[in-house]
Amino acid sequence: MPRMVVVVSEAGLIFLQSYVQGLHALLVQSTANDTLQLKAATAQLNREYYKNPACIPALATILSQSPEAPVRQLAAVELRKRIAQHNGDLWLAVAQQDRISIKANLPNVIVNEPQNLVRHSTARVVAAIAGIEIEQGTWPELLPWLRDICMSATAAHREIGVFILYSVLETIIDDLQSQLGQFLELFGKLLQDPESDEVRVTTVRALGIIAQYIDADDKDQIKMFQTIVPAMLQVIQKTLELGNSEGAKHVFDVFETMLILEAPLLGNHIPQFVEFLLQWGANGNLDDELRVLALNALTWTVQYKKSKIQAQNLGPAMLQGLLPITTEPEAEDADDDAPSRSALRIIDALATNLPPAQVFPALRELLQTYFASPDANYRRGGMLALGIVVEGCSEYMTPLMPQVWPIIDVGLQDSDPSVRKATCIAVSCLCEWVEEEAAKRHAVLVPAIMQLVDDPATQRQACTALDGLLEILQDAIGNYLQLIMERLSGLLESAPTSVKTVVVGAIGSAAHAAKSGFLPYFQPTMERVKHFLVLTGEGEEQDLRGIAMDAVGTFAEAVGKEVFRPYFPDLMQQAFKGIEMGSARLRECSFLFFGVMARVYGDEFAPWLPQVVPALIQSCKLEESGKEATGRSHDACSAFSTSGTSAADPITVIDGETTTEIEDVDIDKLLDVNSAIAVEKEIAADTMGTLFAATGNHFLQFVEPCTLELVSLLPHYYEGIRKSATDSLLEIIRTFSDLTNPAEWHPGPPSEQPELEQHVKQLIGHAIPALLEMYETEDNKQVAAAFCAGIAETTNKIGPRFVEEYLDQLCTIAVQILDQKALCQQDPDQDETDETPEDSAEYDSVLISAAGDLVAALANALGATFAQAFDTFFPRITKFYKKSRSLTDRSAAIGCLAEIISGLGGAVTKWTEPLLDLFYRALADSDAEVQSNAAFATGLLVEHSEMDLAPQYMPVLGALHPLFEVPEGASPAKFNARDNAAGAVSRLIVKNAGALPLEQVLPVLFSALPLRNDFLENTPVFRAIFHLFKANPAVLAPFLDGLLGVFAHVLDPSRPEQVGEETRAELIRLIGAINAEKPIAVQAAGLGAFV
């Protein structure tokens, strides 16, 4: 090993030798397997050596001279840290001649070091020095030397050179951007290295660093990078062929980074990349871990390059490659990954990111073969694939469900238990995403699933399916409640713990559906469940305790606060004990329970707030490592960093003032902890808004700390936390405003409205700018949709003053989303000038709908003042009503326009003709939901427009007439459309009854009464009836007996409230007037109590 000559003065030579020897001895002591020795050595090193600049040349000497590899490794790690600490101050305090000597000798030390780990750590020393000196121009020899050694004829030298260059780029890429072109040229050659996989892999890692600094507008650099992508793909192939799992991880990490960058570096190579990943993901000869890496990269490709995949219609080919993988064995442990699970995850990504038309038809065709296969693995894989696409294709699938249900029925009766279990999972998905269709099938599904509940082989999955089905049964549960409770109660005694968990969840869903019908089962169920609430074990016991806490909250909502009261105090104490048990999952369940109890008990929950709210705030302050945050300067994303995959690249954990290197960390376990705590914080944030809404004035002392905490969560990396913080902040604003008894506002300019209470203004001023700032960088559609929907709801509640300071920004946001140019809608590979495809994923439609709600709320608040802005929004909204658009898009567009008409009032007149033309088309739409919105919108347009629309009355009646023809047993959407058609006709009557042939119109209108679904339309209906009784009572005489029956129906106290207070009062006055002339008819209709 070469000896480093450190230049010092002759007088200091003896001191230096002694200093080096002492330091070396302590490093030796630090590498011993003795905790006490390690602590003592560490303390002495920090106290006597590491604050002195002399430690740097001393460590450099030890690195070059020590015969012990562990000591050289430790010396390299500590040398890097000392050089880098305090922005290089300690390094710069070393004598200039010593620094020159260290820099001159380090290359030789690295080249001659026999241990790879030490070489890598020494390379990071070079990078640390480069980070200081290249910027100052004091190490011009470094980069030429690195280029030379990278092209050395010796493979080991090339490996060293490219690793040092990679380490240097990690540290000082900003100072080297002018040389990116030269680096790309060099790396293009190194990717072709004929001998060393390490050279090739490290080159890809270095390219990953460069990729992050290529500007999205630098077409030349992008093009140059794109030319070497095929060679990078070849590196993956060679690495996989060699079985180099560590190298493969590094390379896949780089590609996953490239996928999310703004610069389209993969460019037109996406089809090739997808084919490559599918090929290796499906390769059964490859180790499962490597296959999962390839498939996970494919998941990222679908998420971040969906425009390329959509444009080239790659979905069907991907499904064809993925489905065979779903037939492979599943992972035994739920937490483990396997190729089959990864393949299903990609199918889910395809369904939620691509238009359903590119996914479901191809899948349905492929599944015909799978379901007909004699191999149960094929039937199981096909069923799981069917279930997993429902979330993203639910709207598309709804009219096709008659073809899907026979497959489900056969699957539930399959001879193989794995297929039956997969079918139960599919049923759970269908219950969640095609709720109405699934609920209609209860007579078939409930008996079939109950049979599987009795079978130990399918018990757990069957209970999960039953849970989902019970959640949506509503009144139909009465047919099955006794049977279900008998079966499930028995399982609480006899089933394994894992099954008891899903059984308790199913009983909770039964209580939710049955409501007061659960009363007979409440007490015996509580006696069985209460033992689960005191379990203290981990794993399955902890899961059971958490689910039990969720379920008893549902019981409370079902049976009411008085029946639940005997259990309330003790269960609150158990919830607090759950918080103290060190489990993020139990804390989450406790917070959910607190929210439910607050809703059930309202003001009575107030005494618990001083204990509950601090626990929520403490949860929100947790770092994802599980420790309480000491400050917010540390980037939360670092908790999810997986850089520490080797001892040469350890994870850095920041804790207060100290920095610790951790080389042996279980990354998967760390991520599990992170995920659990993130979900806990999501629930804690959500519960804050729930508590304030439920307890009102009692919560006021907590508004400020909760608001501050929620605002601090808005930049969080986890979208669930951002969404919960957004929802709760806006809930707090709405509740706070309510408590101030605000003056009534009227649509119009903000300046003409009553001033908001001062504290409400301050709260808005603190929260809304933070929410707008969050939106600027929001890349998640669901969070953006929650933001729009929440702002819309708050605007409708508080009025024009709420948006006074932010109107331009909110309009800009709505325009961005409707133009599909918001950050969360962008794809780096899609050119800004490209037309956004009309066919989109169903999740995209949710965001468009939320933006429409925001526009409608602004119109509602601003009234006629909104007319100028409507010029901007009108074409942007109407473009979403086309046959090529999804049902959600079409329905939302018409519904949004209806709400805007209501807000604009007479100011809508300017747009009457184009709106009416659009509504005629929408009334003839193939879907009842769109027809319903179109009927509502048409009635509002006639009501508010100042244009004489009498000539249009007969065409309007003709367009509305088919909506009145609804057979019994039709879908709720069709009855809803009929209710809205009745409302529209009623608005025509009030506006100009003389323009209508009432003798033809009234029989059709009254045949639709009483309304079945949309009771809000009772307002215009009864307004028309009152109008006719006053203006032309004779025309109503033939219909009087029928109308009296309608009156009795809507006033029946045993039914849900169907009319507002004003309508009710006027109706009772009308009944009194009728009674004066026809008392027998009034009494016969059962209306005597109202006269």
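**Entry 1**

The model I am reading is a predicted one.

I then ran a search of the whole structure for aromatic pairs, and it returned 28. I took Tyr-775 with Phe-787 from that search and checked the geometry. The ring centres of Tyr-775 and Phe-787 lie 5.5 Å apart with the planes at 25°, so I logged the pair as stacked; the cut-off for stacked is under 30 degrees. I also noted where the partners sit: Tyr-775 belongs to helix H38 (residues 758-776) and Phe-787 to helix H39 (residues 781-798). They are 12 residues apart, and the pair links distant parts of the chain.

**Entry 2. Phe-1022 and Phe-1047**

I checked a second pair. For Phe-1022 and Phe-1047 I have 5.9 Å between the ring centres and 45° between the planes, so this pair goes down as tilted. Phe-1022 is in helix H50 (residues 1018-1031), and Phe-1047 is in helix H51 (residues 1040-1051).

**Entry 3. A cluster**

I looked for rings grouped beyond pairs. One aromatic cluster is formed by Phe-568, Phe-576, Phe-591, Phe-594, Tyr-601 and Trp-608.

**Entry 4. Charges over rings**

Last, I looked up arginines placed over aromatic rings. Arg-82 has its charged end over the ring of Tyr-50, 4.2 Å from the ring centre. Arg-1012 has its charged end over the ring of Phe-975, and there the distance to the centre is 3.9 Å.

Definitions and conventions
Residues numbered from 1 in each chain as written. Predicted model: local features only at pLDDT ≥ 70, side-chain atom pairs only at ≥ 80, totals over all residues. Heavy atoms only, no water. Phe/Tyr/Trp six-rings, centres within 6.5 Å; stacked < 30°, edge-to-face > 60°. Helix = DSSP H or I, 4+ residues; strand = E, 2+ residues; numbered from the N terminus. Lys NZ or Arg CZ within 6 Å of the ring centre and 35° of its normal.
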